[in-house]
Amino acid sequence: MLNPDFVARCKQHRVILAVAFLLIFPLLMPFKAIAVNILIYGLYALGFNMLFGTLGLLSFGHAALFGGGAYACGLAMIRLGLPWWMGIVCAVVIGMALAAIIGAFAIRTRGIYFAMVTMALAQCVYFISDQWVSLTGGENGLRDVTLTKIDLGITTLNFVDPLTRYYVVAFFVAIALFVLSRILASPFGAAMEAVRENEARARACGYDVRATRYLAFILSGGFCGLAGALQALHLSIVPLETLAIANSGLVVMMSLLGGMGTFFGPFVGAGVFLLLENLVSLWTVHWQIFVGAAFVACVLFFPRGIWGTILLGRGR
Amino acid sequence: MDGITPDLLALQLFTGLALGAIYVLLALGMSLLFGMLTVVNFAHGAFYMLGAYAGILLLGFGVNFWFCLLFAPLLIGGIGMLSERFLIRHLYGRGIDYPLLLTFGLSYIMVETVRIFFGTQGLPFDTPDALQGASDIMIGYFPTYRLFVIGVAILVIAALWLFLERTPYGLIIRAGARDPQIVRILGIDVARVWLVVFGIGTGLAALAGLLAAPLQGASPEMGASILAESFVVTVVGGMGSLVGAVVAGLLVGVVVAMTSLFAPEMAQVAIFALMAIVLLIRPQGFFGRAGLMS
Amino acid sequence: METSKKAAVTRRTLLAASSLLAMPSIVRAQSADTIKIGFPVPLTGPYGTEAKDQVACAQIAIAEFNEAGGLNGRKAELLVRDDKLDPGEAATRTIELIEKDGANFICGSLSAAVQLAVNNVAKQRGVIYNSISQSDQIAALPDWSKTTFHEGMTPHLTAGAVGRYAFSKYGKKVVFLQADYAYGHEMVAGFKAVGEKMGIEVLADLRHPLGATDFSTLLPRIQSLKPDILVLVNFGRDQQISLKQATDFGLKKTTKIVAPVLLYTARQAAGEKAFEGVVGGTSYYWGIESTVPTAKAFNDRYRKANEGRVPSDYGALGYAGVRALLEGARRAGGTDTAKVIAALEGLKYDFYKGAQEIRACDHQAVQPVFIIESKAAGANPNDVFNVISTDAANADNLVSCKDEGHV
């Protein structure tokens, strides 16, 4: 557990600190592509955490938002011939639109039923994309989401270069971090906090609980859609698996591992998970046993997650 | 559509019931754990898979199939009790998220352990000799083993109902689910009740897996695909409701069978669409208590 | 508190474990001039057995190359990575292999979706990829590129060979039961293409979702149609389960069951009963060694390295895929991409199953297909198929380059 004063001072400058960290991060990683993956999944977990950590709503259908964004970006580029940055805009819009649709149904339910409705609707998105082969490529996924050169006017970036690709992705992640930090600091952020702390009191104070949840769901969709778009550009493909249940489960695991409800927890969780998986699977094909054990240990002994434990100490 | 006759429809209905019987057993266990312990068991599919492998292990030791039906659920139920005692017990009263996540991690460990000891490839599981072939059921020939599965499911449902409704132990379990505080004050060791319930729930999953093994063989991943389906069944029936588990299990089985007759490529999405519709009309499922865990 | 003590222990163990993981055992010493072949295959997941055999076979190609002195002293090295049967993971692993490990070539994969993902990543970076899994699309535009090679068979080729044999032999009334994904669709298209010429009657074309565990809902309908042939177009566990259930429903009494691909590993896993009498195609079966000398040499080498076992079909493709790349490098006198491509285009070879050729226009390996029938194993537990017909390598059996979109 760190000194609370120190933590408080850091919190005020968390975006600047985060950006500084993003700059040196790829140098610490075994290879650049995993650093990019950590950023992308971290952002995905960040979007998820807005609901789960901030409002306590456990969604099992976030893959639809992440995958929806990835497909939106890829389809905009391949089928509509739009430039890559328009692909990203489309992904954010589609992510929010899908969240608006799923949320409109799911927000009526609570607890475990919320998890199940989101899962069911996300499965429907998965099967639509599986069946609609002419548009999405079906089981084979979307290929040729190729971005090689980024023309900035003054100079041209080579997106295939590992480090350049990392910094382009990091740029968008930094923007997302900044936006999220503004949202949390805004009156809406206060409303979310109020709803989480005490729903009845929040309602009594005049907050519209359901509207708060719904809006948070939609914003969450925007962040996840952005993460999906970045993955599509990074891998140059959109696998059908981005929409699968397993991808919904993965983000839950990452959030919990990192520490739900904390600002950087999702990134820590994504990083630890992906590194663990990467290193252990080089060493044994039975990597899942270690991932599972780490997970069980985390639930039992570090319910606040890794980042939460560093900030606040153990406890439940 | 060509080739669809009333007999075929009836046969298809029966096929759906046999499929539904497996769902029912899974959903009963899951609903029991949720209703009594508020544990959403993500390792339920893994226990199902363990049941099939326990059968293979026992058959390998020369135990015959009929005793396997008894011993495999007992063995796996025992493993379930151990995991309750040493892992899940620490999480009661900490919301539904933690047991859910812990069992999620647990399923990874169980699946991988099976891969280490039994291989990744999956193993064949022959239908017991006495149940091979097809029987005449008036409307046509139907595989005898599937009739047997339906029969076992009916027996188990009856036994479970008698146990919960007609024995003193069942009374304690039901009381414990309603108000653990009072039961504790009455001097009953609630922890032991929870332990037994967990054993029964996971044992039922193991029985379902063992019954499914002659239909599809055993593989480490067999639980993963059926987990989502049994969630659907449990949720549609109403989490915590045993009657709901039975009704929804059979319904989902029949819905899958009928969609695969008329639009096979829609069979998979049909059950999720069904769940979405049911939950939107009746958010607590068919027989769920409104407001429970909401 | 008891829990906190336990937690401390766990944390320490975790720390110890993580420091173990960080050990330099992962950082392999690699001399700069070894020829590195990246080999992403699904070591974890349902096809782990096949993937491990792909690795074992590929290692033989590497060992043979190195024993022969390599390329002017340059040795070859296989960099095996687990793609987990997931296209996203495969893409990441391939990026890693190219960017971090400096792989000269990529070979591998065991699913249509994964090979297309790997291909996309490799082509974006101008690295040669030799795929060893079934797909029609990989040899066709827009997926194909100059750096794309395909040692594996195409569904069109496989289904064509099996269809020609089965429709002439077992009857013309056919029901298709296909797994609903690219593999199934491409295979059925291949069967229908030859079937049309032979005048078959398609009674029904049913689809089941990928990863289905219950086919009982479809079988009564098939039974009532009374077909001569049931073409079961699915793979791996889907195939094992559907064959088992079809046998249980007694379908084999009236209908011949035909599958585009019969896997050696699947036959071993599911046992003789489910597969008995089923006819299908394969890229390789070890039993051809009685007539093909290169197969004998390859089998013997494999037996020596693997305790007397025999190589599987998909495994052998790993051998051929890696050996083709090394042969290309040898002929090109180095690993320069353009030179290796030029050396491989039109290459004629006989590595392990008779004469083959890499078609210049689409880099597809023109190869023999074997029609096999499953039988009960006798004294030799490895002897599970009879080779009942052989389709020699013939480019006419492939989709023409023009139809694939090549100019």
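Biologist: Which residue with a positive phi follows helix 11 of chain C?
Modeller: The model is predicted: local features need pLDDT of at least 70, side-chain atom pairs count only at pLDDT 80 or more, and totals for chains, interfaces and linings use all residues. Residues are numbered from 1 along each chain as its sequence is written, while chains are lettered from A and ligands numbered from 1 in the order in which they are written. Helices (DSSP runs of H or I, at least four residues) and strands (runs of E, at least two) are numbered from the N terminus. After helix 11 of chain C, a positive phi near 50° belongs to C:Glu307.

Biologist: How far apart are the end C-alpha atoms of helix 11 of chain C?
Modeller: This helix covers residues 293-305, which makes 13 residues. The expected span is 1.5 Å times one less than the number of residues. That rule gives 18 Å, and the model agrees with it, because the end C-alpha atoms are separated by 19 Å.

Biologist: Within what arc do the buried residues of helix 11 of chain C fall?
Modeller: The buried residues (20 or more other C-beta atoms within 10 Å of their own, against 12 or fewer for exposed and partly exposed in between, with C-beta atoms placed from the backbone) are C:Ala295, C:Phe298, C:Asn299 and C:Tyr302. The arc is taken from the directions that run from the helix axis to the C-beta atoms. Viewed down the axis of helix 11 of chain C, the buried residues line one face, since they lie within an arc of 100°.

Biologist: Is C:Ser109 buried or exposed?
Modeller: C:Ser109 sits in the loop between strand 3 (105-108) and helix 4 (112-124) of chain C. Its phi is positive, near 90°, although the residue is not glycine. Because C:Ser109 has 33 C-beta neighbours inside 10 Å, it counts as buried.

Biologist: Which residue does a cis peptide bond join to C:Leu141?
Modeller: The bond has an omega of about 5°.

Biologist: How far apart do the C-alpha centres of domain 1 and domain 2 of chain C lie?
Modeller: Chain C is divided into domain 1 (32-153 + 289-367) and domain 2 (156-282), with bounds from an automatic or database domain assignment. Their contact takes 10 residues from domain 1 of chain C and 12 residues from domain 2 of chain C. The separation of the two C-alpha centres is 29 Å.

Biologist: Which helix supplies the largest share of the side of chain A that touches chain C?
Modeller: Here 27 residues of chain A are in contact with 31 residues of chain C. Helix 3 (32-55), helix 13 (265-283) and helix 14 (287-301) of chain A each supply at least two residues of that side of chain A. The largest share, 5 residues, comes from chain A's helix 13.

Methods. Contact = placed C-beta atoms within 7 Å.
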